[in-house]
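Biologist: I would like a close look at a single part of this model, with the criteria spelled out as you go.

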Amino acid sequence: MPMPPHATTFERIWRRLYLAFCAGVFLFLIAPIIVIVPLSFNAEPYFTFTRDMLALDPDGFSLRWYDRLLTYGMTAPDAVRDGAWWADAWANSQWIHAAKNSFVIGISSTLIATALGTLAALGLSRPEMPFRRAIMALLISPMIVPMIISATGLFFFYSKAGLAHTYIGIVLAHAMLGIPFVIITVTATLSGFDRSLIHAAASLGASPVTTFRKVILPLILPGVISGALFAFVTSFDEVVVVLFVASYDQQTIPLQMWNGIREQISPTILAAATILVLFSIALLTTLELLRRRTERLRGLTG
Amino acid sequence: MPTATDTVAAGDLGPLTTGDGTPLKTALARATRRARLKALFLVAPLLLFVIVTFAVPIGQMLYLSIYNPVFSDNMPRLSSWLRAHDVTQVRGEDAFKALVLDLTEARANRTHAQVGTRINYERTGATSLFKSTARKIKRIKGPPYKDQLLALNEEWGELHLWTVMTRAAAPHTAAFYAQALDLSYDAEGDIVRAPENRRIYGHLFLRTLLLSALVAGLCLILGYPAAHLLASLPLKYSNLLMVMVLLPFWTSLLVRTTSWITLLQSQGVLNDMLVSVGILSDNGRLELMYNQWGTVIAMTHIMLPFMILPLYSVMKTVPKDFVRAARSLGAGPVTAFLRVYLPQTVPGIGAGILLVFIISVGYYITPALVGGSSGQLISNQIAFHMLQSLNWGLAAALGALLLGGVILLYWLYDRLVGVDNMKLG
C-alpha cells in the first residue's frame with residue numbers, strides 16, 4: 001500500500017517504523033525455524049555456525065547428523081551398508097523405532113478422533129440439539145485443560161485400568177486430545193452448510209446413511225480432513241502424556257527429542273528437527289489446498 | 001389437550017390434526033423429541049468416550065488431593081485410637097501400645113516406609129524416624145510400651161508428631177491443599193502460614209501468573225501490528241506473510257524449543273553473532289537461556305500465532321472506510337486509531353489475550369527445557385511431585401488449584417468469545 005500523496009512527514013516516518021516493526025515480528029516468527037536447517041548440516045558437533053560454514057567451505061558441511069539419526073541404537077552401526085545393515089537400522093535404530101511409533105499412534109488416534117468427532121459435530125450442529133453449549137464446552141475442554149493435568153489424571157487411571165505402558169492407552173489418550181480440533185473444524189464447516197440439501201435428499205427417497213455418504217460427507221470433507229490433520233499433528237507432537245504413561249516400547253519422536261535435549265544434546269536433534277520442519281511444510285500445504293477447495297465449493301453452493 | 005384458543009382459531013373444524021388424527025401439537029412435540037434424541041444419539045459415543053478417557057481420570061486425580069488412606073490403612077489400631085481421642089492431652093500407654101503393634105505389623109508388611117513418607121510430607125524427618133524405629137521394633141518386649149519406645153527415639157514424645165499423625169489418621173484430609181496454599185498446621189493443630197523459608201507455592205503461582213501475563217502482553221504488542229498488516233495488505237502479499245505465522249504454528253513444539261536453545265544458549269548463534277560484531281565481549285555473553293528469559297522468549301514465540309490468528313480474523317471484518325471517514329471528518333491519525341479502529345478490534349484482543357494466557361498458565365514442556373530453575377512454572381512443580389518426590393496428594397492439590405483457575409478463564413473466554421467461535425488456521 002503506497003502512502004497517499006497528502007501524507008505528512010510524520011506519517012511517512014511512522015509508516016516506515018510500523019513496517020520495520022512488522023518485519024521484525026515476522027523475522028522473530030520464522031528465523032528460529034529457518035536457522036536450524038543449515039545448522040543440521042554442520043560438520044562439527046556444535047550448535048552454532050562454524051567459520052567453515054560461514055565461508056561456504058564444503059568441508060564445513062556434512063550429513064553426519066542425518067546418518068546418526070539412522071545409526072543411533074543399532075547393534076552394528078559401522079558394518080558394511082548391505083541389506084543386513086538396513087535391516088538392523090529398521091529394527092534397532094532408536095529414531096526409526098520412535099518414528100514408527102509416532103505414525104502408528106498418530107494414525108490410529110486420528111481415525112478414532114475423526115470418526116467420533118465428525119459424528120458428534122453432526123449432532124451438535126442440528127438445531128434441535130439440547131444442552132448444546134454445555135456439551136460443546138465439555139468436548140472442547142481437553143484442549144484447554146493443561147496437559148500436565150490430563151497426563152496426571154491418565155497416569156493414575158491407566159495404572160489402575162492396566163493401560164499404562166500400552167499402545168492402546170496412548171492411542172486413546174491422543175484421540176481424546178485430538179477430538180476438540182475435529183469438533184471445531186467440522187462444526188465450522190457445517191455452520192455454512194445448507195440444511196435444505198438434507199431435506200431435498202430425504203424427499204427424493206435417500207436413507208439417512210445415503211444422505212450422509214452422498215450429500216453431507218463430500219461437502220464437509222475438507223473440514224473433516226483438516227480436523228483430522230490437526231488431530232494427527234496433536235498426537236505427533238504430544239510429549240507430556242507419553243512421558244507419563246509410555247514405556248520404552250511406546251517411545252515417540254517428541255519423547256526421543258525431549259530425552260535428547262535433556263541428556264546428550266547433539267546436532268542429531270537438529271537433523272530430526274529439520275525433517276520435522278519439512279513435514280510441517282507438507283502439512284501446511286495440504287491444509288492450504290483444502291482451504292482453497294472449501295472456498296471453491298462454497299462459491300458453488302452459496 | 002386442545003385449549004379454548006386452539007378451538008377458536010380452528011373455527012368449526014375443531015383442533016388441527018395430522019393425517020392419522022393426532023392433534024398437530026402432539027405430533028410436533030413428538031417430532032421435536034425424536035429430533036432431539038437423534039441429535040443426542042449422534043453425540044453420545046463421543047460424550048461417553050470423553051467422559052471415560054478424560055472426565056473420570058481427572059475426577060479421580062482430584063479426589064486424590066483430599067483422600068490419602070496410607071496411614072489409616074496401614075496403622076489401623078493407632079488410627080482408630082487417634083480418631084477417638086483428643087491429642088492435646090498427654091498420650092497414655094494405650095496409644096503407644098497401638099503404635100508399637102501397628103509398627104510391628106507394618107514392618108512385617110513392609111509398609112512402614114510408606115507410612116513414614118506420608119507423615120514426612122508434614123513433618124520432615126519422619127521417614128527416617130519410622131524406618132529406624134521399625135528396624136528396632138523387635139527390641140520392645142511386652143508392655144509397658146511407652147517408655148521403651150521413647151528410649152528408642154525420644155521424638156515419639158513430641159506433640160507435633162502426634163498432631164500430624166492425628167490428621168493423617170483420617171483418610172480424607174485438607175492437608176495437601178493447606179500445603180499447596182503455603183499453610184501449615186502448628187503443634188496445636190491450628191492452621192497458620194508456613195514459615196517464610198517454606199513458602200514455595202504462593203510464589204510459584206504468582207510467578208506463573210506474572211510470566212503468563214508478560215507473555216500475553218508481549219504477544220499483544222508484537223501481534224497487533226503484525227495482524228493489522230496481514231489484514232490490510234492485498235491477499236497476494238498477506239498470504240505469503242501468513243505462511244510465516246502458520247509455519248511456526250504447525251511446527252513441532254520440541255523443534256521450536258530446540259531452535260531457541262540453539263539460538264539463545266551462551267555458545268549459541270545469537271551470542272556468537274553479537275560477539276563477532278563486537279557488541280559483546282567473549283566473556284560478557286548474555287545469559288538468555290535456562291532462566292526466566294528463556295521461558296519468556298520461547299513462550300512468546302510459541303504463543304504469538306495464538307494471538308495473531310484471532311486478531312487477524314477480527315481485523316479482517318473491520319471496514320477500512322471507517323478510519324478513512326474519521327480522517328476525512330478531521331480526526332488525526334491517533335484519534336482515528338484510538339476511537340474508531342481500536343474499539344472494533346477489542347473482541348480479537350480479548351480472545352487473543354485470554355487464549356494465550358490460558359495456554360501459558362498450564363505450560364510445561366518449554367519451561368522444563370529452557371526455564372532453568374527461575375523459569376519454572378506451576379506445571380513443572382506438579383510434574384516434580386508426580387514423578388520424583390511422589391507426593392501425589394500435593395501434586396493433585398496443586399493441579400486442582402491450577403485447573404480451577406483455568407476453568408474460570410475458560411468460562412470467561414466462553415462468555416466473551418464463545419468456544420464454538422474459536423478459529424484455527
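Leaving aside its neighbours within four places in sequence, which residues is Trp65(A) in contact with?

Modeller: This is a predicted model, in which local features need pLDDT of at least 70, side-chain atom pairs count only at pLDDT 80 or more, and totals for chains, interfaces and linings use all residues. Residues are numbered from 1 along each chain as its sequence is written, chains are lettered from A and ligands numbered from 1 in the order in which they are written, and side-chain values use heavy atoms, with hydrogens and water left out.

With neighbours within four places in sequence set aside, Trp65(A) is in contact with Ser40(A), Asn42(A), Glu44(A), Pro45(A), Ser266(A), Pro267(A), Thr268(A) and Ala271(A), where contact means heavy atoms within 4.5 Å. The side chain of Trp65(A) also reaches the backbone oxygen of Asn42(A) at 2.7 Å, and the C-alpha atoms of Trp65(A) and Ala43(A), which lie 22 residues apart along the chain, are separated by 8.3 Å.

Trp65(A) counts as buried because its relative accessibility is 5%, given that buried means under 20% relative accessible area, exposed over 50% and partly exposed in between, with a 1.4 Å probe and protein chains only. Of the 302 residues of chain A, 50% count as buried.

Trp65(A) belongs to helix α3, residues 64–71 of chain A, and chain A as a whole has 13 helices and zero strands; helices (H or I, at least four residues) and strands (E, at least two) are DSSP runs numbered from the N terminus. Among contacts in chain A between residues at least 6 apart in sequence, 65% join residues at least 24 apart.

How values were computed: Polar contact = N/O pair within 3.5 Å; in protein donor to acceptor, adjacent residues only side chain to side chain.
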